Amino acid sequence: MSTTAGLSREKLEGEERERRLREEVPFWQQVMCRDAIQRTFTFKDFKEAWRFMNLTAEKAEEMDHHPEWFNVYNRVEVTLATHTCKGVSEYDVVLAKAMDQFALQAAAETLEAEEQKNKQ
């Protein structure tokens with residue numbers, strides 16, 4: 001089942017845009033001089049950042065909506081925009097929300113792996 005059924009690639013504008021960004025993805029910032037949103041994620045190490053990127057890549061492929069990102073060691077800088085509308089759409093909000101959850105999931109998996117390692 002597609003997770004994009006019913007999503008719109010139309011540009012979010014005005015009050016609806018402000019409300020959705022504020023309520024649904026409060027840690028994301030609007031990009032200056034471009035209609036896009038961005039966030040920098042910082043992880044424990046490269047391995048945790050990679051977990052996050054793998055989870056995101058699977059979701060992005062499923063949605064056919066891919067982030068612009070830059071990774072150095074434990075940091076992943078992400079910019080989201082919908083090219084077809086040349087701005088921020090519902091796709092960006094949905095992917096941003098998923099990425100926020102993937103960051104938590106990657107951290108939890110790192111903690112679990114460390115606990116397993118310490119038991120050995």
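The model is predicted, with local features needing pLDDT of at least 70 and side-chain atom pairs counting only at pLDDT 80 or more, while totals for chains, interfaces and linings use all residues. Residues are numbered from 1 along each chain as its sequence is written, and side-chain values use heavy atoms, leaving out hydrogens and water.

**Helix 1**
- In helix 1 (residues 14-24), Arg17, Arg20 and Leu21 are buried, where buried means under 20% relative accessible area, exposed over 50% and partly exposed in between, with a 1.4 Å probe and protein chains only.
- Seen down the helix axis, these buried residues fall within an arc of 95 degrees, so they line one face of helix 1, the arc being that of the directions from the axis to the C-beta atoms.
- Glu15, Arg22 and Glu23 are exposed on the other side of helix 1.

**Salt bridges**
- The structure holds 12 salt bridges, each a side-chain nitrogen of Lys or Arg within 4 Å of a carboxyl oxygen of Asp or Glu.
- Asp35 and Arg17 meet in one of them at 2.6 Å, N to O; Asp35 lies in the loop between strand 1 and strand 2 and Arg17 in helix 1, so the pair ties together parts 18 residues apart in sequence.
- Glu24 forms a salt bridge with Lys97, the closest N and O atoms being 3.4 Å apart; Glu24 lies in helix 1 and Lys97 in helix 3, so parts 73 residues apart in sequence are tied together.

**Partly exposed residues**
- Phe70, found in strand 3, counts as partly exposed at 46% relative accessibility.

Technical notes: Helices (H or I, at least four residues) and strands (E, at least two) are DSSP runs, numbered from the N terminus.
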